[in-house]
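Dear colleague,

Please find the structure below, together with its sequence. My notes on it follow.

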Amino acid sequence: MANEIIRVDGTREEYLSADGKHYTLEEMKKAIGGGYIQIVQTKDRRLMVLDEEGKLKGLPVNPVATGLYVYGAQDPIVGDVLVCDEGMID
């Protein structure tokens, strides 16, 4: 699945933008449950949108997202994330 939400419980769901081309800031925030967004790269060269303050908020570790993250072995990902193709975010 190219564009999906990966939840902390390991479930995945397809997540499409309203226009089918690019995610708005509001769409990205909705996908991750709000907060400030941070964008990082995955091992397969997609983008992962996450809550920048997730660790400060005490969000649970997301094992699936951590496994996809380039630096996941050193820096676990917390909270729900949006993973999408690079062209979906301007």
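**Aromatic pairs and a central strand of the notes**

Tyr-71 is exposed, as its relative accessible area is 51%; exposed means over 50%, buried under 20% and partly exposed in between, with a 1.4 Å probe and protein chains only. The model is predicted, so that local features need pLDDT of at least 70 and side-chain atom pairs count only at pLDDT 80 or more, while totals for chains, interfaces and linings use all residues. Residues are numbered from 1 along each chain as its sequence is written, and side-chain values use heavy atoms, with hydrogens and water left out.

Rings of Phe, Tyr and Trp (its six-membered ring) pair if their centres lie within 6.5 Å; planes under 30 degrees apart are stacked, over 60 edge-to-face and the rest tilted. The count by this rule is two aromatic pairs. Tyr-15 and Tyr-23 are stacked because their ring centres are 5.7 Å apart and their planes stand at 10 degrees; both residues are buried. Tyr-69 and Tyr-71 form an edge-to-face pair, at 5.9 Å centre to centre and 80 degrees between the planes. Tyr-69 is buried, with a relative accessible area of 9%.

Strand β5 covers residues 81–84 (strands are DSSP runs of E, at least two residues, numbered from the N terminus). Val-81 and Val-83 point one way from β5, Leu-82 and Cys-84 the other, and all are buried. Strand β1 (residues 4–6) pairs with β5 in the antiparallel sense over three bridges, where pairing requires at least two DSSP bridges; Ile-5 has Leu-82 as its bridge partner. Strand β4 (residues 47–51) and β5 are also antiparallel, over three bridges, and Met-48 is bridged to Val-83.

Kind regards

Note on methods: Helix = DSSP H or I, 4+ residues; strand = E, 2+ residues; numbered from the N terminus.
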